[in-house]
Amino acid sequence: MKKQHIAAILLALVLLSSSPLMALAEEPVTLKMTFVCLGPLPRDLKLVEEEINKITLREINARVEITPLTMGNFIQQYNLMLSSGEEFDLMVPFLPFVFNSMVDKNYLLPLQDLLEEYGQGIKEVVDPVYLSGTTVNGNLYGITTIRDLGGGVGVFMRKDMVEAANIDLDSIKSLYDLTDVFAKVRALYPTTPLLVPFQIGVSPIETVVNLDMLGNWFGVLLDGGKELKVVNYFETEEYANLVKLMREWYLEGYILEDFATSQSSYKELIPADQGFAYFNGTKAGVEIDESMHAQREMVVVELSEPALHTNNIQHVTWCIPYTSKHPEKAMQMLNLMYTNADLMNLFAWGIEGKHYEVRPDGRIGYPEGISAENSGYNINLGWMFGNQFLTHVWETYPADYWDQMLEFNNSTIPSAALGFVFNQEPVKTEVAALESVLKEYRHALESGAVNPDTVLPRFLKALKDNGIDRVIEEKQKQLDAWAAANK
């Protein structure tokens, strides 16, 4: 064989080895992915996973193993996985304080270089202001999902019970107006618990207050963050009045008796006729959303203007843990979740023809014989995965629902501290101690189960003794420096 032929063959082999065809011949990477499932784990998850992998194998030569965590113990599970060095590649801390705690413990990888190289699709659809909300000390640690960002707070009530009690919704201007509402409903429904949990382990006050928490409860901005003054919310007159109101409701029997310890949320209680109302955030189309979750027609009264805080951004954030062995491939997977509609519809709705079907008008609904009760994939977590605006619209929503949601997002009132991320490192000892204090006092106090006249002073003293003033001082210092740098 002539030398030039040999050279040509060698050159062809070199070119082939660096080509996409050769790359596809490589062994696929397996990415381990976890998130928080708010309801029962879907029995058809593995079937959906198989369909997801058809896309990911084709697009990025990777398989995905999905392991959802339950709401009741996801924080403990995450801490165990991360502290033990368990290998996995993609996760959602789910709550802002969990996200910030993971950043403080160096559990999350910085993403800015990975985003630049493998996440150009993300950069095209995620506003830079949303990336600033997950950037700490110059490092990007998470990508928030595209969904309802921001929102107000409202009280959600069963429409049939509202109508039976002849409640004038326009008369409800504040939380305190609900006392008369509850009294009227109680007269007709003497044994039904009235106010029930929106989420397991979350008090009524946590859900209904309009604060910018700046990463945790230990130093907040009042009125949605209109002014950059950090205060101890627990010693405000507003908080004292709220815990007194909760105590009054509890003694009247308006609040679920075991609210503080209940392992059921409105999603279980209201369909079982064991609840009338709960507090939750508001957004475009929220009555439709909540009626589906509660399996009863719900009405909502908004109690605050829609606001946008850094906490809203951090609430549902995709991160790559330090234990990932495939961070580049993990970022490629994230990029798909923000750009690939077929992938997003699998995550959000399951398999077309099995879990949903497309109606003539383009919206989707259950196939014949399938319902919320018997569907193998009724997860309702489209907002948990990447870009929800790529998904089909369910038939109970208007066809332009995502346009309405975008308009709603644009209408939210941004906090003056939007983009500020508190670095807890200088006061991490105090924050850990304060979290324990909060855990000891909060739920009983804020659900009315204990007398605030005696318990609130003890709570405030414990906060002081464990360093809340030091945390507030540090938070104000960092906030002032951030504000000066962002004039």
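Predicted model: local features only at pLDDT ≥ 70, side-chain atom pairs only at ≥ 80, totals over all residues.
Reader: Why is α19 called roughly antiparallel to α20?

Author: The axes of helix α19 (residues 428-446) and helix α20 (residues 452-465) cross at roughly 170°. Angles over 145 degrees count as roughly antiparallel, so α19 is roughly antiparallel to α20. The two axes come within 10 Å, and the crossing is left-handed.

Reader: Which residues make the contact of α19 and α20?

Author: From α19 they are L434, V437, L438, Y441 and L445. From α20 they are P452, V455, L456, R458, F459, A462 and L463.

Reader: What makes the contact of α19 with α20 nonpolar, polar or charged by class?

Author: The contact has 11 nonpolar residues, no polar ones and 1 charged residue. Arg counts as charged, and R458 of α20 is among the contact residues. Tyr and Pro count as nonpolar, and the contact includes Y441 of α19 and P452 of α20.

Reader: What makes α12 oblique to α20?

Author: α12 and α20 pack at an angle of about 140°. Roughly antiparallel requires an angle over 145 degrees, so α12 is oblique to α20. The axes of α12 and α20 are 11 Å apart, and their crossing is right-handed.

Reader: Which residues make the contact of α12 and α20?

Author: Y239, A240, V243, K244 and R247 come from α12, and P452, D453, L456 and F459 come from α20. By class, the contact of α12 with α20 has 6 nonpolar, no polar and 3 charged residues. Lys, Arg and Asp count as charged, and K244, R247 and D453 are among the contact residues.

Reader: What makes a space a cavity, and how many cavities of 30 Å³ or more are found?

Author: In a cavity a 1.4 Å probe fits but cannot get out. A search of the whole structure finds 4 cavities of 30 Å³ or more. About 190 Å³ of space lies in the largest cavity.

Reader: Which residues are closest to the centre of the largest cavity?

Author: D289, W349, W383, Q388 and Y397 are the closest of the 19 residues that line the largest cavity. The elements giving two or more residues to that lining are α14 (286-294), α17 (341-349) and α18 (401-411). The lining divides into 11 nonpolar, 6 polar and 2 charged residues.

Reader: What lines the second largest cavity, and how does that lining divide by class?

Author: The second largest cavity has a volume of about 60 Å³. Its lining consists of M292, A348, W349, H355, Y366, Y377, N378, I379, N380 and W394. By class, that lining has 7 nonpolar, 3 polar and no charged residues.

Reader: What is the volume of the second largest pocket, and which residues lie nearest its centre?

Author: The second largest pocket has a volume of about 250 Å³. It is lined by 13 residues, with L175, V208, E238, L242 and L303 nearest its centre. Helix α12 (residues 237-251) gives the most to this lining, with 3 residues. The lining has 7 nonpolar, 4 polar and 2 charged residues.

Reader: Where is P28, and which residues does P28 touch?

Author: P28 is found in the loop between α2 (20-25) and β1 (29-33). Contact requires heavy atoms within 4.5 Å. Leaving aside residues up to four places away in sequence, P28 touches L57, N61 and R63. The C-alpha atoms of P28 and T56 are separated by 9.7 Å, and these residues are 28 residues apart along the chain.

Conventions:
Residues numbered from 1 in each chain as written. Heavy atoms only, no water. Axes fitted to C-alpha atoms, helices over the stretch in contact; angles between N-to-C directions. Helix = DSSP H or I, 4+ residues; strand = E, 2+ residues; numbered from the N terminus. Parallel < 35°, antiparallel > 145°, perpendicular 65-115°, else oblique. Left-handed = near helix turned anticlockwise from the far one by under 90°. 1 Å grid on protein atoms, 1.4 Å probe; cavity = no way out; pocket = protein on both sides within 12 Å on 5 of 7 lines; lining within 4 Å. Points joined across faces, edges and corners; volume = space filled by probe spheres on them.
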